[in-house]
Amino acid sequence: MAPTCLRPLLRYRSFAIICLTPLLLLPLPLAVSTREARCAYIIIIMAVYWCTEVIPLAVTSLMPVVFFPLLGVQTAKKVCLQYLNNTNMLFFGGLIVAISVEQWNLHKRIALRVLLILGVKPALLMLGFMIVTAFLSMWISNTATTAMMVPIVQAVLDQMYNTEYDVTVMEQATGQTNTVIELGEKSTSEATAVRALSNEQVPDDPTSSEEKKMRTHICKGMTLCVCYAASIGGTATLTGTGPNVVLKGQMNQLYPNNNDIVNFASWFGFAFPNMILMLVLAWLWLQCSFMGLNFKKSWGFGTERTTKEKAAYNVLKAEMKKLGPISYAESNVLLLFVLLVVLWFSRNPGFVKGWASRLFPGGEKYITDSVPAVFIALLLFILPAHKPKFIAWNPSKSDAEQAEEDTKKPFLSASLLDWNVVQRKMPWSIVLLLGGGFALADASANSGLSAWLGHQMTPLGSIPPWAIATVISLIIAVVTECTSNVATVTLFLPVFSSMATSVKIHPLYVMLPGTLSASFAFMLPVATPPNAIVFSYGHVRVLDMVKTGIVMNIIGVCCVTLAINTWGRPMFGLDTFPTWANTTTKQ
């Protein structure tokens with residue numbers, strides 16, 4: 001709570017930040033009359049607005065369109081081109097495919113099928129939730145994945161404990177010993193005494209305090225694993241989360257001759273193993289924190305399913321049954337989704353010629369990852385959601401009757417995706433945020449601000465590159481807890497790029513760790529939407545998330561440092577300073 005004397009001032013907080021920030025920073029462009037200073041003036045204002053969110057993030061992202069031309073930093077034509085460039089179209093096409101997967105509940109069918117295969121033993125159930133969430137987050141938004149998975153987790157947990165309560169009451173009412181095997185239960189001799197039962201009276205609390213504590217821990221672990229897996233899974237693909245797309249776009253802005261070093265295949269080859277490593281370590285950490293590494297109780301090798309586990313399995317089966325058999329529309333969406341992934345991987349794999357250069361002359365120059373993304377998006381608006389109707393001619397009807405009936409039955413049904421659905425579900429704010437970030441990066445390079453920043457960071461050349469990468473990961477992991485991950489990388493990546501150029505190390509050596517670390521928002525409910533969704537269910541306190549999230553951040557930074565210094569080195573040639581890094585966008 002703020003002191004009483006300060007409370008009236010809090011009413012004017014937003015107004016003060018909006019008005020005072022430009023006024024207090026005004027001496028910068030007035031005293032230093034250069035393009036670099038004017039560009040820095042707008043960037044600092046946007047950084048303050050983004051960090052404080054006094055106005056919506058997307059609205060702040062539109063400021064370059066107004067102020068860069070007015071201050072002579074960049075022409076309006078060049079600024080506006082950044083808001084729907086090649087990288088934004090890649091993200092846009094990927095989002096449309098993700099919306100179609102959500103629209104036809106294909107993601108839920110995949111999730112339930114995997115969970116039924118893995119089983120419902122405590123450790124396997126948590127692992128199943130994490131694998132499914134991470135896989136889905138690779139392709140659809142982290143928020144949508146978490147919003148779908150948490151109710152499934154909640155339903156499974158509710159059914160497990162409701163069944164446990166019913167069995168316990170029945171056995172105690174008949175004077176029997178409770179034989180229900182619980183997750184992490186203590187021996188029956190340690191259970192607290194149960195009040196005597198009257199003729200039809202049931203106990204209010206059939207479980208001991210230790211058992212209730214264990215149940216609470218399990219609920220926390222099962223829900224936290226979902227939001228953490230969603231954040232980890234989004235790092236594995238180029239379109240999985242916003243920061244990855246920002247890196248791709250800014251690499252193209254700052255280093256236009258980079259030979260498409262960051263594409264879908266190269267990113268996946270680097271980030272997917274890192275995602276697997278992080279997921280395993282996160283699962284082990286959550287097991288230790290909330291369930292304990294008791295393999296006999298958690299894994300249950302060689303034991304039969306308990307009543308609770310059967311109840312959980314029945315919930316999953318019931319949810320799967322509600323979906324019914326796979327429909328024609330789901331099959332089409334699944335085929336298009338697989339086709340898109342194949343096209344992305346095979347466009348320019350690197351070790352062999354891809355379809356872009358084999359099928360189209362000069363295809364490696366003209367075709368990027370945005371082309372297959374938008375192509376599949378177009379097909380979603382063309383292909384029908386139901387099988388085409390082939391109507392045979394009926395000789396018992398007159399030609400006029402037949403013709404009239406045929407006109408009422410269209411050959412093709414409605415398409416797999418409707419534009420109204422896309423308008424409603426498309427996160428337009430992220431698209432604008434990406435565009436604003438690309439405009440900042442382009443203006444920084446053209447105005448000379450990036451070169452000035454790089455010159456100031458020349459003394460960092462005495463520090464080993466691996467140490468620089470580790471420090472950057474730690475800084476970004478802390479900053480992203482309080483600000484938008486996309487806004488964080490948008491502000492920091494041009495600075496990291498300038499630093500890399502000044503100390504003559506590969507730009508990706510510092511930009512990759514910074515980008516991945518922006519997704520490590522594990523400590524606070526407000527850090528990222530998946531955390532907020534999990535927190536809203538009431539099982540987790542802020543302190544629980546902070547204590548668990550600190551270790552998760554350490555795990556993330558260690559994994560990224562390992563990845564960038566092992567398989568990342570030969571994959572991107574990080575040991576040498578590339579020739580294309582000497583050339584930035586010309587003024």
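Is Ser-444 buried or exposed, and what is its relative accessible area? Ser-444 is buried, with a relative accessible area of 5%, where buried means under 20% relative accessible area, exposed over 50% and partly exposed in between (1.4 Å probe, protein chains only).

The views below show a predicted model, in which local features need pLDDT of at least 70 and side-chain atom pairs count only at pLDDT 80 or more, while totals for chains, interfaces and linings use all residues. Residues are numbered from 1 along each chain as its sequence is written, and side-chain values use heavy atoms, with hydrogens and water left out.

**View A. Ser-444 in helix H23.** Ser-444 belongs to helix H23, which covers residues 428-447. Helices (H or I, at least four residues) and strands (E, at least two) are DSSP runs, numbered from the N terminus. Leaving aside residues up to four places away in sequence, Ser-444 touches Cys-39, Ile-43, Leu-449 and Ser-450; contact means heavy atoms within 4.5 Å.

**View B. The salt bridge of Arg-109 and Glu-330.** Side chains of opposite charge can pair when their charged atoms come close. A salt bridge is defined as a side-chain nitrogen of Lys or Arg within 4 Å of a carboxyl oxygen of Asp or Glu. The structure holds nine salt bridges. In one of them, the side chains of Arg-109 and Glu-330 meet at 2.8 Å, N to O. This pair links distant parts of the chain, 221 residues apart: Arg-109 lies in helix H9 (residues 106-118) and Glu-330 in helix H17 (residues 328-347). Arg-109 is buried at a relative accessible area of 11%, and Glu-330 is buried at 5%.

View C. Lys-322 counts as exposed, at 64% relative accessibility, whereas Glu-319 counts as buried, at 18%.

**View D. Arg-347 and Asp-369 in a salt-bridge network.** The closest N and O atoms of the salt bridge between Arg-347 and Asp-369 are 2.8 Å apart. Arg-347 lies in helix H17 and Asp-369 in the loop between helix H19 (363-366) and helix H20 (370-380), so the pair ties together parts that are 22 residues apart in sequence. Both Arg-347 and Asp-369 are buried. Through salt bridges that share partners, Lys-248, Asp-260, Arg-347 and Asp-369 are joined into one network.
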